[in-house]
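Subject: Structure for your review

Dear colleague,

Please find below the sequence and structure that I am handing over to you.

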Amino acid sequence: MPCTEGIGEDDESTIPWPVDMKAGLVRPLTPEEEELAAKREELARLESQLADHELLLASLKAELAAFEGLYLRRVGVLYAELDEWNARLAELRAEQAGTPESKAAAAEARTQAEEAYSAAHGEAAEVQPFSPSADLKKLYRDAAKRVHPDTATDEADRARRERLMKEVNAAYATGDEDALRRILAGLDTSPDAVQGTGIGADLIRVLRQLKQIRDRIATIELEIESLSGTDLAQLKAKADLATAEGRDLLEEMGASVQARVIVSRQEFEKESTSGADR
């Protein structure tokens with residue numbers, strides 16, 4: 001029998017077996033209690049792993065969004081200008097030719113120009129560079145671990161956690177450390193932080209949480225793989241490699257598009273002038 005001498009009430013959590021403090025007796029854990037303890041340890045490890053995965057996914061999304069904004073501001077606007085001149089040129093040719101084919105080509109070019117303009121000057125272009133601090137990452141990880149929907153105990157709890165998780169992701173994406181601290185502080189004082197149920201129900205709940213977390217981790221890994229394979233992610237990887245080599249890939253791309261803009265504008269001006277002379 002383990003010795004319990006010198007153990008006070010505040011040290012009960014360190015006792016390996018259930019103990020009757022009044023009688024001073026310690027009894028072995030039941031098989032159910034041993035399984036519950038083991039599953040809770042596994043759950044704690046998986047919750048930490050899940051928080052790490054969520055942080056990785058949130059960071060990847062924020063970094064890609066920031067890079068997209070940078071690309072649109074430096075290169076996208078030039079493509080929008082190029083499409084505008086191409087649309088004007090197509091419309092000029094349609095006006096001169098008057099054929100159904102030329103009119104259809106002009107309409108298609110105009111649609112492309114409008115879409116390019118909207119993309120280059122929309123919300124995505126306004127996203128600023130993302131560079132999370134160590135404190136921001138830690139706050140996000142702590143919050144994600146505490147509020148993740150896949151640790152919910154019932155549907156009402158899941159709905160509450162999904163709402164909080166959206167707030168956590170939004171705060172991380174905007175670098176709002178204070179918002180994350182407020183969320184964490186609210187969790188500490190929430191009545192939901194107080195729990196207490198029987199061993200059987202707790203074991204079932206933990207087993208379900210384990211399955212939910214494993215499923216979510218697998219989903220995150222697939223999402224990260226999918227995002228990493230997008231054209232945007234591949235372009236960012238090329239831009240990062242160019243930066244490491246002392247080059248600015250977006251500047252190079254912008255210069256190339258700018259040269260095409262000049263050619264397209266000159267072609268429009270030439271055909272516009274020759275058309276007026278006829």
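Predicted model: local features only at pLDDT ≥ 70, side-chain atom pairs only at ≥ 80, totals over all residues.

The protein chain contains eight helices and two strands. Along the sequence, these elements follow the order β-β-α-α-α-α-α-α-α-α. Of the 278 residues in the chain, 34% are buried. The accessible surface of the chain is about 16,900 Å², and carbon and sulfur atoms contribute 53% of that area.

Helix H1 (residues 31-97) packs against helix H2 (residues 100-120) at an angle of about 160°, and their axes are 8 Å apart. Because angles over 145 degrees count as roughly antiparallel, H1 is roughly antiparallel to H2. The crossing of H1 with H2 is left-handed. Their contact comprises 15 nonpolar, four polar and seven charged residues.

H1 also packs against helix H4 (residues 155-173), here at an angle of about 50° and with the axes 10 Å apart. This angle makes H1 oblique to H4. The crossing of H1 with H4 is right-handed. On the H1 side, the contact is formed by Glu54, Leu55, Ala58 and Ser59, while H4 supplies Met165, Asn169 and Tyr172. By class, the residues of this contact are four nonpolar, two polar and one charged.

Yours sincerely,
A colleague

Conventions:
Residues numbered from 1 in each chain as written. Heavy atoms only, no water. Axes fitted to C-alpha atoms, helices over the stretch in contact; angles between N-to-C directions. Helix = DSSP H or I, 4+ residues; strand = E, 2+ residues; numbered from the N terminus. Parallel < 35°, antiparallel > 145°, perpendicular 65-115°, else oblique. Left-handed = near helix turned anticlockwise from the far one by under 90°. Nonpolar A, V, L, I, M, F, W, Y, C, P; charged D, E, K, R; others polar. Contact = heavy atoms within 4.5 Å. Buried < 20%, exposed > 50% of the residue type's maximum accessible area, 1.4 Å probe, protein only. Areas by Shrake-Rupley, 256 points an atom, 1.4 Å probe, with all protein chains shown as cover.
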